[in-house]
Amino acid sequence: MTTSQFTLGPEVSAALDDGRPVVALESTLLSHGLPPGRNLDVARRLEDTIRAAGAVPATIAVLDGRAIAGLSPAELERVCAADSGLDKLSLRDLGPALALGRSGATTVAATSALAAWAGIGVFATGGLGGVHLGASRTWDVSADLGVLSRVPVLVVCSGVKSVLDIPATLEVLETGSVPVLGYRTGDFPAFYLRSSGHEVPWRVDDAARVAAVVSAHRSAGGAGVLLANPIPEASEMDGALHDRLLQEGLELLREKEISGADVTPALLEHFHTASGGASLDANEALVLDNARVAAEVARELP
Ligand code: PSU
Ligand code: MN
């Protein structure tokens, strides 16, 4: 499928035509979540990991008014460049960006919608957006949550950051009828940490069963499914370091009066600079593991 507003990379197009497994990847985590240089390295490793696990990667972004699933190497470099100037596009931004010829990196919400448009049912990322602390006052609830309740895609992530209101995030997912599956765990993970201290409603221990849940949920009239895969044990961040960075980050947000879509990028940057790179290693380890798991599930889906 290639239209004036949507381009599939040749490898993705061939895989979809043949019914081979494809895994979508988002671009916001590259352009807004990782520093230039490191982001391109991670982007390539993500694609290699998916190929090694027997699926085809489809990194998604919007460039010059076209949605692309399966960026070319040059397009991937553009998304990761220090001077890319890319906006962060959520689903509310896709119509304007496509129609007005703009470029941007896609969030979980926007990537999920574009993946579904392309016929891709599995998507790997690092962290999902969620309910921000203080949301009862600010109404800052990521569109990622609402989109999962409407779009038939499996999102594999490592939970949400502890900067968010995690119980409220799980409540909103329940309201949206999104099954939350813990992958080989009964705890909902908190990105850098394997456990948030909150339970998941369902635990699933292998890729074939995850695929079976996704199929059954769709048969029953549901849409998105969240698979929460904790960061590999060896890469988990030290708890005390994590708590210190989080407190500092929250203080920084207050000081600089940062709000809305800028909150996550600002916090990530604080973690990366103040941890001397430890958070980058953790971030890379978890997203690569999610890519591998997503490919394994994609292979099990009809
Ligand atoms: N959480 C992370 N890293 C990220 C994001 C979230 O740990 O890079 C990005 C994802 O693209 C996610 C988006 O979809 O932030 C959510 O942003 P908002 O809360 O503004 O909806
Ligand atoms: Mn928001």
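I started at Phe-271, which is in contact with Leu-245, Gly-249 and Ser-279, leaving aside neighbours within four places in sequence. Contact here means C-beta atoms, placed from the backbone, within 7 Å. The model is predicted: local features need pLDDT of at least 70, side-chain atom pairs count only at pLDDT 80 or more, and totals for chains, interfaces and linings use all residues. Residues are numbered from 1 along each chain as its sequence is written, with chains lettered from A and ligands numbered from 1 in the order in which they are written.

I placed Phe-271 in helix H12. Helices (H or I, at least four residues) and strands (E, at least two) are DSSP runs, numbered from the N terminus.

**Helix H11**

Next I looked at H11, residues 239-256. H11 has 18 residues and reaches 26 Å from first C-alpha to last, close to the 26 Å expected at 1.5 Å a residue. The expected span is 1.5 Å times one less than the number of residues.

Which residues of H11 are buried? I found His-242, Leu-245 and Gly-249. They sit on the same side of H11 because they cover an arc of only 70° around the axis. The arc is that of the directions from the helix axis to the C-beta atoms. The buried residues pack against strand S11 (193-199) and helix H12 (263-274). The face turned away from the buried side carries the exposed Ala-240, Gln-247, Glu-251, Arg-254 and Glu-255.

**Two positive phi values**

Glu-257 follows H11 and is found in the loop between H11 and H12. Its phi is near 55°, positive in a residue other than glycine. Glu-257 is exposed because it has 6 other C-beta atoms within 10 Å.

I also checked Arg-184, in the loop between strand S9 (180-183) and strand S10 (187-190). Phi of Arg-184 is near 60°, again a positive value. With 11 C-beta neighbours inside 10 Å, Arg-184 counts as exposed. For reference, most residues other than glycine have a negative phi.

**Domains**

The protein chain is divided into domain 1 (1-120) and domain 2 (126-302). The bounds come from an automatic or database domain assignment. Their centres, taken over C-alpha atoms, are separated by 20 Å.

I then looked up the contacts: 28 residues of domain 1 with 28 residues of domain 2. On the domain 1 side, strand S2 (22-25), helix H3 (38-52), helix H5 (91-99) and H6 give two or more residues. That side divides into 17 nonpolar, seven polar and four charged residues. Ala, Val, Leu, Ile, Met, Phe, Trp, Tyr, Cys and Pro count as nonpolar, Asp, Glu, Lys and Arg as charged, and the others, Gly among them, as polar.

**Ligand 1 and Gly-129**

Which of the 19 residues around ligand 1 come nearest? They are Gly-33, Val-108, Gly-127, Gly-129 and Ser-142. A residue is near a molecule if its C-beta atom, placed from the backbone, lies within 6 Å of it. The shell draws at least three residues from each of domain 1 and domain 2. I noted six nonpolar, 10 polar and three charged residues in the shell.

Gly-129 is in the loop between strand S7 (122-124) and helix H7 (135-138). With 27 C-beta neighbours inside 10 Å, Gly-129 counts as buried. Not counting residues up to four places away in sequence, Gly-129 touches Thr-107, Val-108, Ser-142 and Asp-144.

Conventions: A residue is buried if 20 or more other C-beta atoms lie within 10 Å of its own, exposed if 12 or fewer, and partly exposed in between; C-beta atoms are placed from the backbone. Two residues are in contact if their C-beta atoms, placed from the backbone, lie within 7 Å.
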